[in-house]
Amino acid sequence: MLAMLALIQNETLKLLRRRRFVIVISILTAILLIVSYSQYRILRDSAKRNWRADLQERIARAENMLRRGRASASWARSIRAEIGRWQFYLDHDIDPQKPNVPRFVRTFPNVAGSLLLLPLLVSILGSDIVSAENAEGTDKLLLTRPVRRWKILLAKLITLWMFATLTLLCGAIIAFLAASVALPSHGWTEPSFSGFQLANATVRLDAVRELPLWRDALIAYGLEWYSMMAFASIALLLSVIFKSSAASIGTMLASLIGGTILTHISPDWTAGKYFFVTALPLADYYTGEPPPYDGMSMMFCITLLAVWAIGTVAIAFALFTRRDVFG
Amino acid sequence: MYNPRSLSTLTPTLIAQHLTKVIGDRTIVDDVSFEVFAGEVFGFLGPNGAGKTTTIRMLVGLIRPTAGRILICGHDVQHQFEQAMRCVGCIVETPDLYRFMTGRENLAHFARMLGAGDDDIARVASLVNLSGRLDQRVGTYSLGMRQRLGIAQAMLGEPRVLILDEPANGLDPAGIREIRELLRELARTRGMSVFVSSHLLAEIELTCDRVAIIHRGRLLRTGTVRDLISSRRSLELRVGDVPRAAGILADHQPTIEGDCLLLPLDESAAPPLIAALTEAGIDVYRVAPHRQTLEEMFIEATGGETVD
């Protein structure tokens with residue numbers, strides 16, 4: 001146990017010295033400051049506007065688009081779900097767009113998860129956690145110390161999990177700080193709605209849950225955390241397979257983007273739902289964004305990610321502990 | 001001073017038994033066996049691609065042997081990896097350390113893996129004269145300094161066996177001499193087993209007690225440096241009339257080299273030859289035992305391939 005802590009300390013030191021975490025925090029800060037500023041602009045403009053009319057106009061526009069049949073099948077689903085949610089907010093007299101600090105913090109895991117920002121940051125942290133040792137030749141020393149290889153890999157995985165967790169936490173804190181500069185800070189207990197479901201062409205409202213915003217946020221963060229842990233585990237395998245850091249980061253990004261493209265280009269090929277990338281935006285699915293394929297329930301996505309994570313970690317350990325280390 | 005005859009009374013600390021590595025249909029290392037004893041410096045020589053590095057990587061558990069086994073201080077590297085590696089410090093190929101960390105952070109990193117403390121870090125750093133530069137990033141080090149930091153790292157935890165690949169690489173003559181003396185010192189006074197590979201034959205000759213020569217994956221010869229060289233002793237005669245002298249000494253199979261004759265004989269055979277030559281009226285200017293260098297022996301053994 002003590003030995004494992006020493007190994008984790010080593011990995012932490014290396015990760016920090018490589019400045020990976022600094023890069024991650026800088027990216028988060030830059031993006032969140034910009035988004036926070038844009039929210040401030042919306043807030044400033046909203047004083048002059050009637051949000052109800054705005055929302056009604058948007059719904060009308062979206063329905064028009066659907067009628068013209070311009071949208072692809074998966075996009076149409078998204079639009080229908082969105083119309084349903086807007087209608088729901090109209091009916092309940094809630095302005096969904098009104099920016100404040102709690103909403104900003106609440107939205108972060110959804111947006112950063114579904115737009116692949118958080119997976120990208122995990123890639124930066126983890127893609128070269130093993131391959132860099134290989135590329136820099138330090139594996140020859142690391143693996144000739146009196147420590148079994150599985151312990152070294154486990155220390156790397158735990159360190160990666162730790163920093164992925166820290167990334168999400170720092171994301172929340174930075175979102176809070178960035179929003180606090182520009183937006184009103186009250187609203188943690190206002191109702192927040194999630195669980196919208198799309199059935200056929202209409203949005204089912206019977207599954208919608210009403211929770212105080214802070215609890216709703218905790219659930220969203222929890223789901224996004226789970227998805228990041230799974231993604232970090234998958235990233236470890238690529239880092240083990242590839243000798244060069246560029247190859248492993250490249251493959252990770254390609255699979256993220258490729259998975260997204262796949263769901264948009266060929267939504268009819270339903271085998272795509274078994275690809276881990278489609279299950280990553282858990283927080284979004286929790287809120288009510290329809291998953292790209294039928295039959296992707298929350299339970300399905302959580303199980304799928306677990307299967308991928310366990311499978312890839314098992315392969316990573318098998319490869320890492322058995323392979324010959326050549327120059 | 002080291003005495004080769006005392007070997008039999010010592011137990012070997014590093015034993016390689018019938019090491020074989022096959023990749024695909026290529027046999028890279030073929031039935032290599034040797035023993036390294038406490039208190040000796042053991043040299044490992046071979047041309048490029050001879051299987052030198054593969055053998056070293058098998059010794060330290062980086063590559064799994066296809067057949068054969070390795071015992072370090074009595075522990076099988078395959079099955080008792082942790083116990084075996086606790087007895088070994090090594091540099092494999094190049095002394096690659098974490099360039100983005102300081103020398104001290106690097107040593108601390110590897111010390112933590114051994115459970116060694118700060119005093120051990122200070123000890124190994126002073127051993128290789130690196131104490132003053134320990135807080136600078138390794139990226140700023142010269143190759144010689146990195147080599148020394150590599151050796152310092154290998155000395156952490158006071159291992160009984162030191163395995164060093166090309167320890168003289170990148171060092172200037174003074175540095176090479178320093179390392180040579182350090183290695184001899186470690187073997188002699190601390191009774192460590194030092195296994196070094198090198199392509200600098202003269203260096204091996206000066207540093208090592210025993211040598212193994214590997215070529216195309218097979219061990220050609222193993223023995224003390226003295227035995228390997230003296231088994232090939234010859235007599236060099238500088239004479240006035242080389243062709244006539246060669247004729248007179250034809251029975252001894254002389255080879256002509258410039259104005260000298262080389263005879264595969266010991267110096268005890270010299271007096272009658274000199275008498276025979278003077279009797280025939282041939283001037284003899286010089287008679288000297290020709291000491292074959294390790295390099296000549298090596299080139300002969302490997303069929304003239306360059307050492308690297």
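Here are some worked exercises on a predicted model with chains A and B.

**Exercise 1. Describe how helices α1 and α9 of chain A pack, and decide which class of orientation applies.**

Let's start with the geometry. Helix α1 (residues 2-17) and helix α9 (residues 149-182) of chain A meet at an angle of about 55°, and their axes lie 9 Å apart. Angles under 35 degrees count as roughly parallel, while 65 to 115 degrees is roughly perpendicular. The pair α1(A) and α9(A) is therefore oblique. As for handedness, α1(A) passes α9(A) in a right-handed crossing.

Next, look at who takes part. On the α1(A) side the contact includes Met4(A), Leu7(A), Ile8(A) and Glu11(A). On the α9(A) side, Lys151(A), Ile152(A), Met162(A) and Phe163(A) are among the residues involved. Sorted by class, this contact has 11 nonpolar, 2 polar and 4 charged residues.

**Exercise 2. Find where Arg19(A) and Asp93(A) sit, and say what marks their backbone.**

Take Arg19(A) to begin with. Arg19(A) belongs to the loop between α1 and α2 of chain A. Although Arg19(A) is not a glycine, its phi is positive, at about 65°. With a relative accessible area of 58%, Arg19(A) is exposed.

Now turn to Asp93(A), in the loop between α4 (73-91) and α5 (101-114) of chain A. Asp93(A) is likewise a residue other than glycine with a positive phi, near 60°. The relative accessibility of Asp93(A) is 47%, so this residue counts as partly exposed.

**Exercise 3. Is Glu105(B) buried or exposed, and what does Glu105(B) contact?**

Glu105(B) is part of helix α3 (residues 103-114) of chain B. Buried means under 20% relative accessible area; the value for Glu105(B) is 16%, so Glu105(B) is buried.

The side chain of Glu105(B) reaches the backbone nitrogen of Thr102(B) at 3.0 Å. Setting aside neighbours within four places in sequence, Glu105(B) is in contact with Leu13(A) and Arg17(A).

**Exercise 4. Place Gln17(B) in chain B and list the residues that Gln17(B) touches.**

For background, chain B has 11 helices and 14 strands, and 53% of its 308 residues count as buried. The C-alpha trace of chain B spans about 75 × 45 × 40 Å along its principal axes. Among contacts in chain B with a separation of 6 or more, 68% link residues 24 or more positions apart.

Gln17(B) lies in strand β1 (residues 12-23) of chain B. At 29% relative accessibility, Gln17(B) is partly exposed. Leaving out residues up to four places away in sequence, Gln17(B) touches Val32(B), Ser33(B), Gly68(B) and Arg69(B). Of these, Val32(B) is 15 residues from Gln17(B) along the chain, and their C-alpha atoms are separated by 6.7 Å.

Definitions and conventions
Residues numbered from 1 in each chain as written. Chains lettered and ligands numbered in written order. Predicted model: local features only at pLDDT ≥ 70, side-chain atom pairs only at ≥ 80, totals over all residues. Heavy atoms only, no water. Helix = DSSP H or I, 4+ residues; strand = E, 2+ residues; numbered from the N terminus. Buried < 20%, exposed > 50% of the residue type's maximum accessible area, 1.4 Å probe, protein only. Polar contact = N/O pair within 3.5 Å; in protein donor to acceptor, adjacent residues only side chain to side chain. Contact = heavy atoms within 4.5 Å. Axes fitted to C-alpha atoms, helices over the stretch in contact; angles between N-to-C directions. Parallel < 35°, antiparallel > 145°, perpendicular 65-115°, else oblique. Left-handed = near helix turned anticlockwise from the far one by under 90°. Nonpolar A, V, L, I, M, F, W, Y, C, P; charged D, E, K, R; others polar.
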